[in-house]
Amino acid sequence: MLTQTQIAERVLVQEHLAHEYLSKQPENADSTAIKQRIKELLLKNHATLVAHYYTDPAMQELAEETGGCVSDSLEMARFGHRSTSDTLVVAGVKFMGETAKILNPEKRILMPTLDATCSLDIGCPPKEFADLCDTHPDHVVVVYANTSVEVKACADWVVTSGIASQIVEYLADQGKSIVWGPDKHLGRYIAEQTGANMVIWPGSCIVHEEFKVQGVDRLRQVYPDAAILVHPESPAAMVAIADRVGSTTQLIQAVQDMPNQHFIVATDRGIFYKMQQVASGKTLLEAPTAGVNATCRSCAHCPWMSMNSLHKLE
């Protein structure tokens, strides 16, 4: 039986979940008109819209309504490759558009804005990373897909978070040492999983780095049955308390497969749109990023992803 304190805390959490970015708001005439204009433009230009899991729910919904897809960055590019459209509109951050162009060199790649970048991209300047690689000529360079095309050009291998451990383990079994970039938390996680000797670039995601173990512990006291889902870009302390660690796609699958009714999710809250589709009867809780006196219980949303607005597609 819940205590009065737990009941009060659950009320606060439910009030938080009622915030506009977590609940689908009724469309007004203006937003409906904008979506219709975008649909007409996509059709007129023989274009397909693909959206990342972290973009606004309205963008994800539009991608699905128009025959596009909502997925991780690699699958967005793969979807574009399978598409017969001449143009691929990529709602995400800049490196995602670059990845789409690499896999679809013959297609025109458009984005709602080219100002949407990523802290992993900004924090790993190509010249400095190339210099690091040059100082370790006997190492294999493995680069996380979440970085610029210039940094990718330094790599022997480019990996997603879903396959990074397997690739590094394969290389380590051959006696290879690794230069890894750009995410230090993911690099540390991979090193622990594989035992590989890794030189790790000190980059990080500004969203995942902010999750707080103390806040998660307090939230789990209110929801003791909740499973904790953590993206491996998060700090080691967060990974240590996770019930499941995985990529965006793997975390969505976890919500669907695990028997728990409540989930504390430590990744960008944009992913809730897809999680709610596959597990509509389950409750999703944002892992806290902020302190007790902060203006938000969780600020878990990439500011650059939020730049992908419908207005910028008109």
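Helix H9 (residues 164-173) packs against helix H10 (residues 184-194) at an angle of about 55 degrees, and their axes lie 9 Å apart. Axes here are lines fitted to C-alpha atoms, for helices over the stretch in contact, and angles run from 0 to 180 degrees between N-to-C directions. Helices (H or I, at least four residues) and strands (E, at least two) are DSSP runs, numbered from the N terminus. The angle makes H9 oblique to H10. Angles under 35 degrees count as roughly parallel, over 145 as roughly antiparallel, 65 to 115 as roughly perpendicular and the rest as oblique.

The model is predicted: local features need pLDDT of at least 70, side-chain atom pairs count only at pLDDT 80 or more, and totals for chains, interfaces and linings use all residues. Residues are numbered from 1 along each chain as its sequence is written, and side-chain values use heavy atoms, with hydrogens and water left out.

H9 contributes Ala164, Ser165, Val168 and Glu169 to the contact, and H10 contributes Tyr189, Ile190, Gln193 and Thr194. Contact means heavy atoms within 4.5 Å.

Across the whole structure, 3 aromatic pairs were found. Rings of Phe, Tyr and Trp (its six-membered ring) pair if their centres lie within 6.5 Å; planes under 30 degrees apart count as stacked, over 60 as edge-to-face and the rest as tilted. Phe129 and Trp201 form an edge-to-face pair, 5.8 Å centre to centre with 75 degrees between the planes. Phe129 sits in helix H7 (residues 126-134), and Trp201 in the loop between strand E8 (198-200) and helix H11 (213-222), 72 residues apart. Both Phe129 and Trp201 are buried (under 20% relative accessible area, with exposed over 50% and partly exposed in between; 1.4 Å probe, protein chains only).

Tyr144 and Trp180 form a stacked pair, 6.2 Å centre to centre with 20 degrees between the planes. Tyr144 lies in strand E5 (residues 140-144) and Trp180 in strand E7 (residues 178-181), so the pair ties together parts 36 residues apart in sequence. Tyr144 and Trp180 are both buried.

Cys124 is placed in the loop between helix H6 (119-122) and H7. Cys124 counts as buried, at 0% relative accessibility. Residues up to four places away in sequence aside, Cys124 touches Phe129, Thr147, Val151, Pro182 and Trp201. The C-alpha atoms of Cys124 and Pro202 are 8.4 Å apart, although 78 residues separate them along the chain.
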